[in-house]
Amino acid sequence: MTTSTRPGALFLETGWAESFAVTGDGRVAVAWSTADGPRVHTVSGPASPPEPANTLSSIDQAGLSGGPRRIAFWAQLADEDNRFVLFTAVPGETPVRTAIEAPRQPCGVAWAGPDHVVTTWQTADGPVLARVAVTPGARPETLWRLPASPRWPDPVPDVAPDGRIVLTVASGTGQDIVVLDHGVVTTLLAGNRSAAPTRARWSPDGRSVVVLVRRRRATEARLIDLVAGTMEVLDGPAPTDVPVWNGDGTKLAFAAHDWPVTRLHVHDLPSRTLTEVPAPAGTCAEAPQWHGDDCYFRVLGPDHPPAVRRWRPGATAALPVTPPATVSRPVSPSVVRLPSREGFDLPALAYEPWIPDRGTVVMLHGGPASCWRNGWNPVLLDLLGAGYRVVLLETRGTTFTGWPVPPVPVTEHGVREVEDVADSVAALIRLGLAQPGRIVLAGHSHGAFIAYRASLALPEVAGVITTSGYLHPAVLAGSGDPEVHRFAAAAFADRAWAGDPAAALPSRCPVLSVHGERDKQVPAGDAEAMFARLDGAGHEWVLLANDDHSFRIRRNAARYAAAARDFLGRVLA
């Protein structure tokens, strides 16, 4: 299927797979992007249009996990204060609500046989590891109260055939991989300052564990044989997530960064050979999954929305599972190196407009612990179709690993990134990729703050677009996300340089702020109150009904794109 290039059409005409799961009996379920937000759908046959699987009133349905016959998924319920609730269902049947809830964000889920799931759960008394039956009304059974930590280490569990559970927990040295064996906890791999184990998976026979270890900006996979008592580092490129075993334990599939794309590989353990899976260029968005000899994965690129494919080792092509789609013309960015004042290069991806150049939009992601990929971005495509060049810029402080970029001490966030934006704007002008007065900075979340701060000292910039952002660190005090509080406390402990939050905020150019009504990370009410303090003229506030920090509702994303086009047309006229 080929979609229209009319601005806004990509949002309303094309659905795509936000995530997926494969059950033990081979059924595929996807969180399908709809105009009202992601909804769990079932896939009846190869490349068949997914069919809706429930009528839950929710903003988001995500985090799918496949069990022997059922799937588990999190639904963000709009009429229950946006809390995430865990549901299970046989694909195509009415979902069953469990007693597991997550007020902030979904947690990892693992299946423990056909009738139970195991997950980590933040309770009023602290984090716990819990097991719950997939029957209506079943109450969670606490298996272990996890060690307290000021930072939630995302302890995704995995369950062996004999019931042992492996997961990540906080420790005095950072975080460790531990095994819970019927109430007895043993440390399998301890972390330290130079190596942090982040996630582990059991082999199908429960004999071995594969662990993802982060070493500063690199990653490695370690294979631990618990019976033989050996550990080895697997050869090959650095994985993005812990590798996934096939059914007989002879192969491990994983995605690896090759910036600006990721590539999918399969490691054959008996022969110690590595094979790259033939897939469309782009990003393998999450861990692959196996069913029998088939490896399922979700891939997305700048000119093709996320779709699920499957590949059998030895095959020359990966076959579509969900309907593949492409836009009507190829989209391929240029990798650009932008010199900084301190002598290192900042990475950027530059996308050329489809019609005569009307200006340049420099985008900054949120995080700051994040990085750009050459993946599916309908807003970007919408801007290209309207005649704007788009540059995706990486600054210091991100998780970018494509080439060496100096780290940023947490206390210097909000300062060093602003310097990087200024250096990058100057370099883009020198390279002919931007013109003074025809540049707009667009930032998401923390990137919105950086875009606004940078604009105050850059007369070359004609406007600022913020999404789910804040214009002053004081806004973060009302966040419902503990991670945001921890970041703000460390990064903005001394924020005198940001100005008095009760005073008028300076502006040098018009600002468009777009915010989700139900944003918990950066509360909309607090952000709007700060936005109202902007001096100057030409500012615009857009509130997206029922949406959250990431604009999951597709019709709202289309509204954001339309507002951005109108704003760009006004400030770059």
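**Cysteines and aromatic pairs in a predicted model**

Reader: Why is Cys 371 called buried in this predicted model?

Author: The relative accessible area of Cys 371 is 18%. Buried means under 20%, so Cys 371 is buried.

Reader: What makes Cys 509 count as buried?

Author: Cys 509 has 7% relative accessibility; as the cut-off is under 20%, Cys 509 counts as buried.

Reader: How many disulfides does a search of the whole structure find, and how do you know that Cys 371 is in no disulfide?

Author: The search finds zero disulfides. For Cys 371, the nearest cysteine sulfur belongs to Cys 284 and is 14 Å away, whereas a disulfide requires sulfur atoms within 2.5 Å.

Reader: How many aromatic pairs are found, and why is the pair of Phe 531 and Trp 541 called tilted?

Author: Eight aromatic pairs are found in the whole structure. The ring centres of Phe 531 and Trp 541 are 5.5 Å apart, and pairing requires centres within 6.5 Å. Their planes stand at 50°; stacked is under 30 degrees and edge-to-face over 60, so this pair is tilted.

Reader: What parts does the pair of Phe 531 and Trp 541 tie together?

Author: Phe 531 belongs to helix α6 (residues 524-531) and Trp 541 to strand β39 (residues 540-544), so the pair ties together parts that are 10 residues apart in sequence.

Reader: What makes the pair of Phe 551 and Tyr 560 edge-to-face?

Author: The angle between the planes of Phe 551 and Tyr 560 is 65°, and over 60 counts as edge-to-face. The distance is 5.8 Å centre to centre.

Terms used:
Residues numbered from 1 in each chain as written. Predicted model: local features only at pLDDT ≥ 70, side-chain atom pairs only at ≥ 80, totals over all residues. Heavy atoms only, no water. Buried < 20%, exposed > 50% of the residue type's maximum accessible area, 1.4 Å probe, protein only. Phe/Tyr/Trp six-rings, centres within 6.5 Å; stacked < 30°, edge-to-face > 60°. Helix = DSSP H or I, 4+ residues; strand = E, 2+ residues; numbered from the N terminus.
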